[in-house]
Amino acid sequence: MSLVRRCSRTACGRPAVATLTYVYADSTAVLGPLATYAEPHCYDLCAEHSERLTAPRGWDVVRLSDGSGPARPSGDDLEALANAVREAARPPERAAGAGGSGQGGPSTGETRRGHLRVLRSPDS
């Protein structure tokens with residue numbers, strides 16, 4: 001007997017990574033991480049079949065995550081990253097007055113842009 005649980009789909013021999021359970025009273029299919037042991041009324045699915053899972057019309061699919069795998073970046077994550085890059089690339093506003101803003105300058109050989117610093121070489 002194999003120690004690795006296989007996908008419950010017919011003719012699929014790939015290793016199971018998720019467990020599917022139906023809650024008939026709520027018309028819900030619940031797909032979660034692989035159960036610790038095989039249940040008689042649950043279905044173990046491989047990665048491909050768990051991603052392509054659909055439920056009957058009128059049913060909801062609830063996908064539970066165990067948090068162990070890498071999370072896919074969402075559109076909000078990518079937009080936040082793009083905004084952060086734009087903000088860091090924006091030229092700094094000039095401080096009013098000759099004193100500057102105290103973020104470095106010609107006397108220290110340091111220029112500051114956002115969260116990045118440029119150090120001047122002692123040769124220049």
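**Close-up views of the predicted model**

**View 1. Tyr 24 is exposed.** Tyr 24 has a relative accessibility of 60%, over the 50% cut-off, so Tyr 24 counts as exposed. The model shown here and in every view below is predicted. Tyr 24 belongs to one aromatic cluster with Tyr 22, Tyr 43 and Trp 59.

View 2. From the N terminus, the order of elements is β-β-β-α-β-α-β-β. The chain has 124 residues, and 15% of them are buried. The exposed surface comes to about 10200 Å². Carbon and sulfur atoms supply 54% of that surface. Take the contacts between residues at least 6 apart in sequence: 48% of them join residues at least 24 apart.

**View 3. Tyr 22 and Tyr 43 are partners in an aromatic pair.** The whole structure holds four aromatic pairs. In this one, the ring centres are 6.2 Å apart and the planes stand at 70°, so the geometry is edge-to-face. Tyr 22 sits in strand S1, while Tyr 43 sits in strand S3 (residues 43-45). The pair therefore ties together parts of the chain that are 21 residues apart in sequence. Tyr 22 is partly exposed, at 27% relative accessibility. Tyr 43 is partly exposed too, with a relative accessible area of 41%.

**View 4. Tyr 24 and Trp 59 meet edge-to-face.** Their ring centres lie 5.8 Å apart, with the planes at 85°. Distant parts of the chain are linked here. Tyr 24 comes from the loop between S1 and S2. Trp 59 comes from the loop between helix H1 (47-51) and S4, and the two residues are 35 apart. Trp 59 is partly exposed, its relative accessible area being 23%. Tyr 24 is exposed, at 60%.

**View 5. S1 and S2 form an antiparallel hairpin.** Six bridges join S1 to S2 (residues 28-33). One of the bridge pairs is Thr 19 with Gly 32. Four residues lie between the two strands. Ser 27 is placed in this loop. Its phi is positive, near 50°, although Ser 27 is not a glycine. Ser 27 counts as partly exposed, at 26% relative accessibility.

**View 6. S2 also pairs with S4, in the parallel sense.** Strand S4 covers residues 60-63. Four bridges connect it with S2. Ala 29 has Val 61 as its bridge partner in S4.

**View 7. Thr 19 is buried in strand S1.** S1 spans residues 18-23. Thr 19 has a relative accessibility of 6%, and the cut-off for a buried residue is under 20%. Its side chain makes a polar contact with the side chain of Asp 44, at 3.2 Å. Beyond four places in sequence, Thr 19 touches residues including Arg 5, Val 30, Leu 34, Ala 35, Cys 42 and Tyr 43. Gly 32, its bridge partner in S2, is also among the residues that Thr 19 touches.

**View 8. The largest nonpolar core has nine residues.** Its members are Cys 7, Cys 12, Ala 18, Leu 20, Ala 29, Leu 31, Leu 45, Cys 46 and Leu 53. S1 and S2 each supply at least two residues of this core. Nonpolar side chains tend to be buried together in soluble globular proteins. Leu 20 touches the core residues Ala 29, Leu 31, Leu 45 and Leu 53. Other contacts of Leu 20 include Val 30, Cys 42 and Tyr 43.

**View 9. Ser 50 is a buried residue of helix H1.** Its relative accessibility is 9%. Setting aside neighbours within four places in sequence, Ser 50 is in contact with Val 17, Ala 18, Leu 31, Leu 45 and Arg 63. Among these, Ala 18, Leu 31 and Leu 45 belong to the largest nonpolar core.

**View 10. Ala 11 has a positive phi in the segment before S1.** The phi value is near 65°, in a residue other than glycine. Ala 11 is exposed, with a relative accessible area of 85%.

Conventions. Residues are numbered from 1 along each chain as its sequence is written. This is a predicted model: local features need pLDDT of at least 70, side-chain atom pairs count only at pLDDT 80 or more; totals for chains, interfaces and linings use all residues. Side-chain values use heavy atoms; hydrogens and water are left out. Buried means under 20% relative accessible area, exposed over 50%, partly exposed in between (1.4 Å probe, protein chains only). Contact means heavy atoms within 4.5 Å. Accessible areas come from the Shrake-Rupley method with a 1.4 Å probe; for residues, only the protein chains shown count as cover. A polar contact is a pair of N or O atoms within 3.5 Å; within protein, one must be able to donate a hydrogen and the other to accept it, and residues adjacent in sequence count only if both atoms are side-chain atoms. Two strands pair if DSSP finds at least two bridges between them. A nonpolar core is a set of buried Ala, Val, Leu, Ile, Met, Phe, Trp, Tyr and Cys residues joined through side-chain atoms within 4.5 Å. Rings of Phe, Tyr and Trp (its six-membered ring) pair if their centres lie within 6.5 Å; planes under 30 degrees apart count as stacked, over 60 as edge-to-face and the rest as tilted.
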